Amino acid sequence: MSQNPFAFLITQLFELYIYVILLRFIFQWVRADFYNQVSQFIVKATNPFLIPLRKIIPGFGGIDLASIILAWGVNLAKYGLLMGFGLTRSEPILVLLVYTLIELLHMALGLFIFLSFIRIILSWIAPSGYNPMVALVIQVTDPLFKPFQRIIPPLGGLDLSPILMFMVLYFVRNAVAYYLFPLAFIFR
């Protein structure tokens, strides 16, 4: 069964912006290069909504709560729009609040998996010279790779630690989908 093309378009546009917001949060969290061209694009794309929200919601313990709440709000708006146009089933607000928060965690884990995969592909290609995208991918994924590289150090120039890292990331992402998504619907 195919999806309504308008529902697909709305979902993709909103989720693309959610990923941009999540990247902004992650860049701040790992203290990625702020002056990188990709970072500057993400800052400019999120500032119109994030700056006013930061006046209301301060950060806490080095965590930019405004970014998380903005991503959650955009995710809620996506479902509000889909339900408003009758493109998806209507749900009670409490179900939507919990479901969209869990979906945000699921999306963040998927983003880390994607960026880690990109880093591995880039390590095979080994681009020469400075590339702003490559630099950011390395800065974002280093906190993921380092603990696993301590567990499984490189063997003869071959780094097998990403295999364990992917197993853990996929396990956590699947656990979120299997155990947490159904929890949202107990509020029905």
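Modeller: Let's start with contact, which means heavy atoms within 4.5 Å. One caveat: this is a predicted model, where local features need pLDDT of at least 70, side-chain atom pairs count only at pLDDT 80 or more, and totals for chains, interfaces and linings use all residues. Residues are numbered from 1 along each chain as its sequence is written, and side-chain values use heavy atoms, with hydrogens and water left out.

Colleague: OK, so which residues is Thr-46 in contact with, leaving aside neighbours within four places in sequence?

Modeller: Those are Tyr-17, Val-20, Ile-21, Arg-24 and Leu-70. Take Arg-24: 22 residues away along the chain from Thr-46, with 7.8 Å between the C-alpha atoms. Thr-46 itself sits in helix α2, residues 37-56 (helices are DSSP runs of H or I, at least four residues, numbered from the N terminus).

Colleague: Is Thr-46 buried or exposed?

Modeller: Buried means under 20% relative accessible area, exposed over 50%, and partly exposed in between, using a 1.4 Å probe and protein chains only. Thr-46 counts as buried because its relative accessibility is 0%.

Colleague: And how many salt bridges does the structure hold?

Modeller: Side chains of opposite charge can pair when their charged atoms come close. The cut-off for a salt bridge is a side-chain nitrogen of Lys or Arg within 4 Å of a carboxyl oxygen of Asp or Glu. There are five here. In one of them, Lys-78 meets Glu-15 at 2.8 Å, N to O. Lys-78 is in helix α3 (residues 65-84) and Glu-15 in helix α1 (residues 5-29), so this pair ties together parts 63 residues apart in sequence.

How values were computed: Helices (H or I, at least four residues) and strands (E, at least two) are DSSP runs, numbered from the N terminus.
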